[in-house]
Amino acid sequence: MKKNYVIAYVTFAIVLALVAYYTMETTEQAPVESEEQLTVNWSYDGETGPQQWMNVSADYAACGRGELQSPINIEVSNTAKEELDEEVKLNYEKALFEIENNGHTIEANSTTPDNSLMINDEEYKLTGIHFHSPSEHQINGQYFDMEAHLFHETKDGKMAIIGLFIESGEENKELAEMWANMPKDGAEAVKVLKNPINLDQLLPEEKNVYQYVGSLTSPPCTEGVNWFVLEQPIEMSNEQINQFSSIFLQNNRPIQQLNNRDVYKIELD
Ligand SMILES: [Zn+2]
């Protein structure tokens, strides 16, 4: 009889321990789940791809409902004929960068504060450069091998992006060190480049740009971005292009509706 009591007691204790364990586990799990929801992930294909971005998070509503979205196809013959009463000036010199793989692209963050784009005397500071493969914008329905985005922001959060097409050709010396240090995946630490990139040398000689108002091309697809897409592409070797696409085979958002927007052709100073 006594033995049965012991068995019952031990069984009860085990059940109690299991209940306590599972209760503890569920309470521990809860914050982890909500954390995952905050950093919820989007991608360039599959269930969280561009057509679903607006459903991935309420913060990404503009990706589906916006009417000033990027990228666009630039039909050269449809660009606005009138002149824009606006002065756009580049203040570019050498810039130091640290690079990371954020899972969506290679992001080079500028650690040099003095490069900027001036729009009507308002300063948009260069914060970083990232890359897409193939290009995001099209000219007359044609993609380029890659596109770099030089991201600028004012003190109060107004955004301007210079889009820079890249096509296959000579090795790009300005980006050689960045490419040599390119992190293959997001787990790799941020890498600090030793030598500055001469931004003036990086850009093409001719500074004709297509200007329009669009959005970020990745979530949250925020609108009101001043876009300047350089007409003349720069070059990169096949090897350099292949190195990027071996990490990101396809990280470009599909072309968005132009709707009622005008695209202007201007020249940067
Ligand atoms: Zn981009």
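**Entry 1: the model as a whole**

I began with the kind of model, which is predicted. The protein chain has an average pLDDT of 89, and 85% of the residues reach at least 70.

Next I looked up the secondary structure and found six helices and 16 strands. The protein chain has 269 residues, of which 42% count as buried.

**Entry 2: the zinc ion**

Which residues coordinate the zinc ion? I found H130 and H132, each through NE2, and H149 through ND1, at 2.0 Å. Along the chain these donors follow the spacing H-x1-H-x16-H. H132 sits in strand β7 (residues 122-132) and H149 in strand β9 (residues 146-153), so I wrote this pair down as a link between distant parts of the chain, 17 residues apart.

Are H132 and H149 buried or exposed? The cut-off for buried is under 20% relative accessible area. H132 has 3%, so it counts as buried. H149 has 1%, so it is buried as well.

Then I looked at the cores here. The largest nonpolar core has 40 residues, and F131 and F228 have the most contacts inside it. A second core is separate and has 15 residues, including I74, W227, V229 and V263.

I listed the neighbours of F228, leaving out residues up to four places away in sequence. Among them are V88, L117, I119, I162, V209, I266 and L268. The list also includes G163 and Q211.

**Entry 3: W227**

I picked W227 from the second core and found it in strand β14 (residues 223-230). Its relative accessible area is 0%, so W227 is buried.

What does the side chain of W227 reach? It comes to 2.9 Å from the backbone oxygen of S215. Another polar contact, of 3.1 Å, joins the side chains of W227 and S70. With neighbours within four places in sequence left aside, the contacts of W227 include H137, E147, I161, Y210 and T217. The zinc donor H149 is also in contact with W227. I took one C-alpha separation too: W227 and L216 are 11 residues apart along the chain, and their C-alpha atoms are 9.6 Å apart.

**Entry 4: T79**

Where is T79 placed? I found T79 in the loop between β1 (73-74) and β2 (88-91). Although T79 is in a loop, its relative accessible area is 10%, so it counts as buried.

A polar atom of the T79 side chain lies 2.9 Å from the backbone oxygen of V76. Beyond its neighbours within four places in sequence, T79 is in contact with I74, Y210 and V263. I noted that I74 and V263 are listed in the second core. Y210 is also in contact with W227.

Definitions and conventions:
Residues numbered from 1 in each chain as written. Predicted model: local features only at pLDDT ≥ 70, side-chain atom pairs only at ≥ 80, totals over all residues. Heavy atoms only, no water. Donors = N, O, S within 2.8 Å, 3.2 Å for Na, K, Ca; no water. Helix = DSSP H or I, 4+ residues; strand = E, 2+ residues; numbered from the N terminus. Buried < 20%, exposed > 50% of the residue type's maximum accessible area, 1.4 Å probe, protein only. Core = buried A, V, L, I, M, F, W, Y, C linked by side-chain atoms within 4.5 Å. Contact = heavy atoms within 4.5 Å. pLDDT = per-residue confidence, 0-100. Polar contact = N/O pair within 3.5 Å; in protein donor to acceptor, adjacent residues only side chain to side chain.
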